[in-house]
8 protein chains.
Amino acid sequence: MNEETIKALLESVQQGSCSPAEALLQLKDLPYEDLGFARLDHHRGLRTGQSEVIFCQGKQPEHIISILNHLGAKAKNVLATRLDPESAEKILPHFPSAHYDAQARCLLLRPLEDPTISGKILIMTAGTADLPVAQEAWLTARYMGHEVDTLFDVGVAGIHRLLGQRELMEKAEVLIVVAGMEGALASVVGGLVEQPVIAVPTSVGYGAHFQGLAALLSMLNSCASGIGVVNIDNGFGAASLASAIVRRISR
Amino acid sequence: MNEETIKALLESVQQGSCSPAEALLQLKDLPYEDLGFARLDHHRGLRTGQSEVIFCQGKQPEHIISILNHLGAKAKNVLATRLDPESAEKILPHFPSAHYDAQARCLLLRPLEDPTISGKILIMTAGTADLPVAQEAWLTARYMGHEVDTLFDVGVAGIHRLLGQRELMEKAEVLIVVAGMEGALASVVGGLVEQPVIAVPTSVGYGAHFQGLAALLSMLNSCASGIGVVNIDNGFGAASLASAIVRRISR
Amino acid sequence: MNEETIKALLESVQQGSCSPAEALLQLKDLPYEDLGFARLDHHRGLRTGQSEVIFCQGKQPEHIISILNHLGAKAKNVLATRLDPESAEKILPHFPSAHYDAQARCLLLRPLEDPTISGKILIMTAGTADLPVAQEAWLTARYMGHEVDTLFDVGVAGIHRLLGQRELMEKAEVLIVVAGMEGALASVVGGLVEQPVIAVPTSVGYGAHFQGLAALLSMLNSCASGIGVVNIDNGFGAASLASAIVRRISR
Amino acid sequence: MNEETIKALLESVQQGSCSPAEALLQLKDLPYEDLGFARLDHHRGLRTGQSEVIFCQGKQPEHIISILNHLGAKAKNVLATRLDPESAEKILPHFPSAHYDAQARCLLLRPLEDPTISGKILIMTAGTADLPVAQEAWLTARYMGHEVDTLFDVGVAGIHRLLGQRELMEKAEVLIVVAGMEGALASVVGGLVEQPVIAVPTSVGYGAHFQGLAALLSMLNSCASGIGVVNIDNGFGAASLASAIVRRISR
Amino acid sequence: MNEETIKALLESVQQGSCSPAEALLQLKDLPYEDLGFARLDHHRGLRTGQSEVIFCQGKQPEHIISILNHLGAKAKNVLATRLDPESAEKILPHFPSAHYDAQARCLLLRPLEDPTISGKILIMTAGTADLPVAQEAWLTARYMGHEVDTLFDVGVAGIHRLLGQRELMEKAEVLIVVAGMEGALASVVGGLVEQPVIAVPTSVGYGAHFQGLAALLSMLNSCASGIGVVNIDNGFGAASLASAIVRRISR
Amino acid sequence: MNEETIKALLESVQQGSCSPAEALLQLKDLPYEDLGFARLDHHRGLRTGQSEVIFCQGKQPEHIISILNHLGAKAKNVLATRLDPESAEKILPHFPSAHYDAQARCLLLRPLEDPTISGKILIMTAGTADLPVAQEAWLTARYMGHEVDTLFDVGVAGIHRLLGQRELMEKAEVLIVVAGMEGALASVVGGLVEQPVIAVPTSVGYGAHFQGLAALLSMLNSCASGIGVVNIDNGFGAASLASAIVRRISR
Amino acid sequence: MNEETIKALLESVQQGSCSPAEALLQLKDLPYEDLGFARLDHHRGLRTGQSEVIFCQGKQPEHIISILNHLGAKAKNVLATRLDPESAEKILPHFPSAHYDAQARCLLLRPLEDPTISGKILIMTAGTADLPVAQEAWLTARYMGHEVDTLFDVGVAGIHRLLGQRELMEKAEVLIVVAGMEGALASVVGGLVEQPVIAVPTSVGYGAHFQGLAALLSMLNSCASGIGVVNIDNGFGAASLASAIVRRISR
Amino acid sequence: MNEETIKALLESVQQGSCSPAEALLQLKDLPYEDLGFARLDHHRGLRTGQSEVIFCQGKQPEHIISILNHLGAKAKNVLATRLDPESAEKILPHFPSAHYDAQARCLLLRPLEDPTISGKILIMTAGTADLPVAQEAWLTARYMGHEVDTLFDVGVAGIHRLLGQRELMEKAEVLIVVAGMEGALASVVGGLVEQPVIAVPTSVGYGAHFQGLAALLSMLNSCASGIGVVNIDNGFGAASLASAIVRRISR
């Protein structure tokens with residue numbers, strides 16, 4: 001429903017092929033589907049370049065099933081995130097081709113296809129406890145059509161583990177740094193590379209970590225510039241931003 | 001001091017043109033300049049693609065003068081951020097070609113040159129009180145060689161002001177959204193465009209705004225994906241990230 | 001026990017039909033019922049225009065049963081909120097006509113009657129995960145005698161879903177906006193309508209959402225004026241305020 | 001620019017009195033005025049029933065003067081809030097008919113007119129230190145055309161001061177309760193009246209008050225239902241909400 | 001081990017009935033009992049006027065059994081607080097005369113005796129959900145030998161419930177006010193009475209209550225003076241302070 | 001306006017010496033004085049045993065002068081707290097007999113009289129930087145008619161300074177412990193004495209002290225029982241509570 | 001991979017016994033082992049003097065088993081911390097010589113050996129509920145080869161329990177103070193001894209303790225100097241720091 | 001007043017050379033000096049190995065002068081910290097040999113002497129804005145008799161600046177890491193060295209730094225073990241802890 005379509009509509013009104021009343025209806029008829037409890041945004045792919053992804057937290061399993069059915073009918077594939085194992089168990093029987101990744105807590109309606117967009121995304125973690133978040137980012141990026149490299153457990157307490165991997169870092173268009181604890185990895189990586197860095201604080205830690213607050217504040221205050229931060233444990237958001245950047249690069 | 005230079009160094013050791021002791025020295029002699037109170041990182045341009053920028057907050061005016069002199073001797077231009085007017089007054093007389101922008105609280109050692117990198121950055125603000133932060137972002141982006149468009153005072157309380165500017169938004173490679181109060185502009189923009197969005201919360205607000213915390217949390221929790229957040233009032237950081245993205249696109 | 005009744009009482013003292021001691025007793029005998037562990041406020045309906053509603057959180061099931069019995073004996077209907085399913089299971093057998101709504105976690109002692117107060121309340125949600133809070137608001141408003149419209153899943157990430165519903169919004173006397181995440185829907189709605197808007201932040205979100213704090217701060221700092229905020233997840237409170245407003249309008 | 005005007009526009013296109021290109025222009029030409037640093041929303045009065053009010057905090061005096069000039073040219077009167085005395089001193093010479101209220105930190109471009117909307121708003125304060133916020137609310141409500149009663153210094157530490165004023169409270173359509181410290185006045189008032197109550201926490205307090213946080217949390221958690229809360233010290237917001245309610249009542 | 005005993009000890013050294021080495025030992029031998037994992041302070045009764053009370057949270061059941069045995073051997077009675085039902089079940093079989101109060105989560109080793117100290121303590125609650133904390137206070141005060149009156153469910157949303165109970169309030173030496181939500185009851189009571197008031201915030205509430213923070217801040221910022229606050233849900237602490245006051249009064 | 005006066009009023013109505021209308025007026029005519037901006041509570045002395053004290057923070061000097069005049073006309077003496085030096089300078093010329101204590105930031109309308117109530121209050125501080133708060137407590141207690149002892153700079157980092165003062169501590173009826181930093185003095189004192197202890201956290205500290213939060217939390221979580229806490233820097237509140245206790249003891 | 005080894009490598013290049021390409025490989029080949037999901041840092045013992053310890057929180061049991069196998073193959077012993085009982089149950093069958101300490105939630109791959117490093121570490125606790133954290137510290141210190149003394153339940157509410165233990169305190173090289181509640185023990189100990197003190201706040205407490213925040217802030221603000229603080233409940237970190245100090249002393 | 005002196009005292013009582021009354025007096029007469037407003041702890045040097053240092057924040061200049069006089073009369077030198085320039089100006093004229101360091105905000109009563117304790121302390125900073133805190137640490141350490149090396153501006157955004165300084169780091173017995181922003185330097189240093197590391201978060205930063213909170217949390221959550229943290233900006237505390245460690249090493 002962009003400028004061109006509006007202009008075309010107006011021209012058809014001028015030419016009499018469309019009455020004002022019909023045009024008004026079309027101007028108001030936006031491309032979403034109303035399920036009563038949810039409004040599916042089929043138009044989003046055109047508008048933001050991304051397919052609708054289902055954020056499952058707080059949704060009833062029967063609602064998720066219904067949304068998967070409606071979106072699955074129009075889209076090549078559908079990704080559902082933040083899906084807990086109990087709900088997944090109720091949902092999976094309805095979708096034989098679906099796969100549930102328990103670590104990432106994500107469901108894919110159909111198998112992943114090969115990457116279609118050139119330009120690598122590198123996903124790094126400070127520790128092995130950050131893997132679930134990294135896995136959510138990996139699945140999201142691959143679902144969105146990207147090539148993804150990974151570099152796990154390269155936290156700054158053993159900085160040579162990181163410094164020995166400069167080559168891999170240089171090959172990426174965008175780097176996603178996933179780190180809990182004090183989240184210092186984002187700063188060190190940000191000081192080493194020229195590419196955009198996306199920092200994902202994780203809730204890995206305890207005590208004065210306050211469920212990710214320590215890592216979040218650390219990343220927002222990084223002494224290295226050129227770092228964009230997403231919400232705590234938001235692997236999906238990091239991959240979405242990385243995807244937006246790489247799609248721009250690969251145009 | 002990359003892989004190639006190390007290999008060359010080792011070959012000159014092999015060929016006897018360089019002794020092991022000399023090579024050791026070179027391997028340790030990294031390209032920074034030690035001023036006693038500060039270590040200038042001339043190497044940063046090679047490493048991260050960005051020139052050194054002086055973050056002035058907490059630095060003595062005489063230190064800033066010294067750093068400006070040393071950096072200015074090797075770089076085409078130098079940007080100093082977070083420079084308060086009192087310090088600027090003491091520094092300006094030493095640098096006749098310098099310009100101080102009081103709103104952005106930034107100093108440029110020499111005049112801005114025309115943009116050299118293709119690909120537009122669009123800087124948006126929700127209100128007019130967000131202008132100082134937007135101006136810091138504008139100066140930084142221009143200093144880094146980019147073309148910048150602006151779109152000010154398009155907050156969501158009058159959403160038609162924003163919706164009427166779709167064309168300008170579509171022309172940008174990256175959008176920087178600067179907003180205080182509840183920072184909702186980032187979410188609305190993030191839902192409208194396919195490009196990467198960088199959100200800058202500002203400290204504009206009062207009471208339960210807690211000096212920018214409300215806008216920061218709002219942006220981190222945006223229901224629109226593909227948004228990277230920087231620190232409160234960090235116009236410089238937003239522009240640095242935008243620059244890293246656009247330089248990647250325009251390669 | 002208002003001014004008129006006091007005056008009448010004093011006149012009966014003057015006329016000798018009531019002794020000072022008896023009058024003193026009546027002046028002290030306020031219309032509440034003491035159950036030992038609770039004091040039921042039958043007088044509230046007269047004073048604030050609202051029936052007593054039982055807030056069940058932290059109350060023992062046997063206490064709730066006792067309160068339901070006492071209130072039910074004098075009132076047309078009783079609403080119990082924040083009632084968890086385990087307690088509901090113990091309570092329901094005692095009240096055959098009662099209905100428990102598991103999503104809203106509310107119990108109604110008797111079936112809802114048709115609305116008796118003119119003037120619509122519109123309840124909107126940003127996402128489907130906000131439905132339980134919206135449902136608590138819906139039940140409360142209907143219990144208080146109001147007509148209620150709903151508009152679900154119209155979050156700002158797809159703003160056209162909202163803009164296409166201007167007509168429904170214009171028909172309401174008051175709008176209740178239920179939103180988690182960054183809660184931006186309240187600001188956008190507040191900028192579109194002239195009616196009072198009541199904003200309910202929900203705890204839907206994760207990480208830096210801090211169980212609803214992000215949405216709460218966002219709504220308190222809305223750039224749109226004319227918005228009243230209630231506690232996180234407080235659908236009941238929002239409906240109570242909406243009811244107070246509509247009853248005032250429909251007098 | 002509502003449904004009717006769009007329909008009329010389309011009909012003029014159908015009848016040939018307006019070309020599609022012109023219509024497109026009009027559909028995009030929204031009624032705001034672009035000053036470069038600000039976009040004035042002349043349309044707001046139609047949309048939300050409220051005139052544009054200038055929030056001055058963070059704005060340059062010269063910008064405020066310019067906005068006052070533009071808004072003043074089209075509106076009967078203009079209100080500027082959060083205007084500090086230093087800025088007011090620079091602005092007042094340009095507007096001979098303007099009045100600055102130092103306590104409320106508000107400027108009115110022209111004298112207040114008599115109330116035009118029936119239905120009283122009652123503004124109450126817990127203490128005398130809450131007066132500046134109450135005064136901002138008073139000016140805003142009067143500017144918006146309302147009758148306002150006041151009841152100051154009726155905090156709960158001397159509850160009889162409040163209980164003796166039931167009559168005044170009963171005469172109001174809406175009550176605004178302004179309170180710092182522990183903000184308990186909102187709960188007590190909310191338990192006494194049937195009208196909507198708007199609670200304004202103030203930053204009056206010290207130590208563990210945390211600049212209004214204590215009063216804010218207190219009001220959000222009030223045991224009395226039917227209370228809408230606005231931001232700390234936000235007298236303007238409270239009056240805006242009260243105005244929206246009373247305008248609805250007095251239609 | 002007070003001044004008199006030291007003086008006596010020194011005199012016995014002077015008189016030769018005690019050697020310096022023995023005296024040194026006694027001066028160092030303080031009246032506590034070392035269980036390895038705990039040091040029981042039998043001396044506390046002399047020093048602070050209170051018997052040792054076992055705070056069970058975080059202690060192993062076997063440790064609690066051991067402490068109960070050792071303290072029980074020397075004291076008339078022992079109180080154990082913060083004892084969860086699971087641990088109580090393991091402990092009770094070892095102490096046939098013990099009684100466990102599940103609501104207060106307290107265990108008494110032996111039955112309560114009649115009050116021995118004159119001067120009433122009045123325990124008030126705002127709501128019925130505050131009863132567990134009030135019950136912990138009641139048990140503690142009675143265990144310490146005091147007379148206790150109670151007044152439950154007199155929250156400020158129905159202030160007449162409170163105002164009708166002035167007589168009961170006047171009979172107490174100290175008043176303990178237990179309240180969750182916004183905790184306004186403490187302020188209202190503090191403004192009505194001349195006796196010391198001890199305020200206990202409870203964690204009763206949700207959302208922006210933050211597990212009792214709202215009530216705590218409210219009570220610390222009370223506009224009524226003469227109020228001492230204890231930790232959230234700390235019925236034991238409130239009763240201890242009340243006991244210290246009443247024992248002082250009744251000397 | 002207590003039970004007896006109401007009864008007497010009712011009897012005069014019965015006897016015809018007072019008409020119902022007059023009685024109603026009296027029942028509504030509560031003993032406060034309305035200054036427009038403030039309502040003076042002359043009745044408070046009867047109700048809570050304390051004279052009205054003026055909390056000056058946030059009040060205009062002219063308002064304070066007016067309140068001092070009205071209260072001074074009916075009371076023996078008046079205390080004004082939280083009065084900054086600038087305001088004091090404007091107020092003092094109007095009251096020749098008044099004295100301003102700059103450290104405590106308090107003004108006394110007339111000279112202090114000798115203590116009239118038996119029973120000592122001991123005010124202790126951890127450090128010398130806590131003296132202003134201790135001085136506010138001292139002035140308040142003396143103003144309320146009490147004998148006060150002091151013990152300054154006995155913080156726990158040199159615990160023998162405290163242990164050598166047991167005798168002074170034993171002579172007091174109530175102890176007020178004023179401490180910043182980590183506030184540990186309250187716990188140590190609470191473990192040494194049997195009297196009630198009132199803890200005043202001060203804002204003395206820096207960094208992670210967060211303006212008194214560290215000391216406040218420390219005192220609320222004291223491992224010693226029988227401690228009542230007041231707001232940060234609230235010397236007045238501590239003395240008020242101490243006064244309520246001592247007056248009860250000395251009855 | 002220190003300076004000497006680099007020099008030796010360069011000399012072998014000079015002498016032709018190593019080609020530049022081989023040398024480059026060695027310079028890049030850092031001594032860690034890549035398990036895919038984790039990078040084991042065998043080099044850490046050389047670099048920081050400490051063996052790798054497995055932080056198990058957030059790691060899958062199968063990952064922990066794999067890491068234990070790889071580390072166990074090269075190290076004398078391995079310590080795993082923050083291992084919950086459920087995971088321990090799955091892991092233990094694979095390692096017959098391993099021992100799991102449920103209180104400390106630690107697993108040791110092989111039995112502890114006798115201390116090899118002279119210089120005692122004293123671990124103190126304020127209460128018995130602090131024992132799990134103290135036990136984690138004890139195991140870590142013993143695993144690292146140290147002699148450890150303990151002094152439990154010496155909180156400041158009974159300060160004589162502490163003062164009677166000066167001798168034990170004087171024998172230690174470093175003191176670890178583990179305390180929850182208000183954490184005052186750290187300050188008192190810090191004021192009594194000349195050795196370094198390491199303070200460990202614990203999450204023992206409730207209400208305004210905020211899961212250890214109160215004790216943490218208290219310790220950071222200690223009025224005694226010479227105290228280093230570690231994260232809440234971080235017994236491992238405290239022992240690591242103590243070990244680094246004692247190893248330095250015993251060199 | 002240690003065990004030996006008590007024993008000697010008791011023996012003199014036994015031998016009749018000292019009466020019990022005199023002995024009692026001595027047992028109570030602890031070695032501090034009472035100035036009325038302050039109690040000087042001359043005994044501290046014996047007890048904790050450190051001379052009394054004056055923490056000036058919140059103290060009156062006249063009090064500081066008095067304390068300096070009393071301490072100066074008995075000690076070789078005195079250090080006063082947190083002394084603002086205004087107070088220093090008033091104090092300096094009274095002490096001709098004193099020196100005030102404006103950057104560190106410290107005053108030394110007499111010139112620094114040469115180090116007397118072997119074992120180096122290395123003070124590192126991440127940026128030049130951290131210098132004031134580092135300077136406070138430097139002065140304190142030197143005042144306490146230590147040798148100090150410095151390494152400034154080696155933040156992790158240019159990690160080679162740090163890695164090139166391994167030699168200097170290896171020469172220190174203890175390392176003090178002073179860092180603001182995200183404080184990542186502490187983690188990187190902690191992962192590189194085997195010595196104890198003391199981390200000092202500074203308030204250098206803005207926005208979501210919250211005056212040092214970000215750096216503090218980061219350091220408390222460091223993924224490198226063996227790090228002790230002190231309060232924000234507490235250079236004095238870091239040096240005190242370093243001194244305690246080095247004195248222990250150099251015994």
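**Entry 1: chains B and A**

I began with the charged pairs between chain B and chain A, and the count came to six salt bridges. This is a predicted model, so I kept in mind that side-chain atom pairs count only at pLDDT 80 or more. One pair I looked up by name was B:E173 with A:R251, a salt bridge whose closest N and O atoms are 3.2 Å apart. Side chains of opposite charge can pair when their charged atoms come close.

I then asked for polar contacts, and nine residue pairs turned up between chain B and chain A, both residues at pLDDT 80 or more. Which elements of chain B each supply at least two residues of the side that touches chain A? I noted α3 (44–48), α8 (166–170), α9 (185–192), α10 (213–220), β11 (227–229) and α11 (235–249). Of these, α11(B) gives the most to that side of chain B, with nine residues. Sorted by class, the side of chain B that touches chain A has 15 nonpolar, 13 polar and ten charged residues.

For the extent of the contact, I wrote down 38 residues from chain B and 38 residues from chain A. Together the two chains bury about 2900 Å² between them, with 51% of it on carbon and sulfur atoms.

**Entry 2: chains H and F**

Next I turned to chain H and chain F. Here 24 residues of chain H are in contact with 20 residues of chain F. I read off about 1900 Å² buried between chain H and chain F, 54% of it on carbon and sulfur atoms.

How many salt bridges did I find between chain H and chain F? The count is zero. Polar contacts do occur across this interface: five residue pairs, both at pLDDT 80 or more. On the side of chain H that touches chain F, α3 (44–48) and α10 (213–220) of chain H each supply at least two residues. That side of chain H divides into nine nonpolar, seven polar and eight charged residues.

**Entry 3: salt bridges over all chains**

I also took the total, and over all chains it comes to 46 salt bridges. One that I followed up lies inside chain A, where A:E136 pairs with A:R82 and the closest N and O atoms are 3.7 Å apart. Where do the two residues of this pair sit? I placed A:E136 in helix α6 (residues 131–143) of chain A, and A:R82 in the loop between β4 (79–81) and α5 (85–91) of chain A. The pair links distant parts of the chain, 54 residues apart.

In chain E I looked at strand β7 (residues 117–125) and strand β8 (residues 146–151), which run parallel and are joined by six bridges. I picked out E:K120, whose bridge partner in β8(E) is E:E147.

Strand β7 (residues 117–125) and strand β8 (residues 146–151) of chain C pair in the parallel sense, over six bridges. This time I noted C:I121, which stands opposite C:V148 in β8(C). With helix α6 (residues 131–143) of chain C, β7(C) and β8(C) make a right-handed β-α-β unit.

**Entry 4: one leucine**

My last stop was E:L213, found in helix α10 (residues 213–220) of chain E. What does E:L213 touch, not counting residues up to four places away in sequence? I listed D:L217, E:I232 and G:F210. I also looked up E:L213 against E:D130: they are 83 residues apart in sequence and 15 Å apart in space, C-alpha to C-alpha.

Methods
Residues are numbered from 1 along each chain as its sequence is written. Chains are lettered from A and ligands numbered from 1 in the order in which they are written. This is a predicted model: local features need pLDDT of at least 70, side-chain atom pairs count only at pLDDT 80 or more; totals for chains, interfaces and linings use all residues. Side-chain values use heavy atoms; hydrogens and water are left out. Two strands pair if DSSP finds at least two bridges between them. Helices (H or I, at least four residues) and strands (E, at least two) are DSSP runs, numbered from the N terminus. Contact means heavy atoms within 4.5 Å. Buried area is the accessible area (1.4 Å probe) that two parts lose on being put together, summed over both. A salt bridge is a side-chain nitrogen of Lys or Arg within 4 Å of a carboxyl oxygen of Asp or Glu. A polar contact is a pair of N or O atoms within 3.5 Å; within protein, one must be able to donate a hydrogen and the other to accept it, and residues adjacent in sequence count only if both atoms are side-chain atoms. Ala, Val, Leu, Ile, Met, Phe, Trp, Tyr, Cys and Pro count as nonpolar, Asp, Glu, Lys and Arg as charged, and the others, Gly among them, as polar. A crossover is right-handed if, with the strands pointing away from the viewer, the path from the first strand over the helix to the second runs clockwise.
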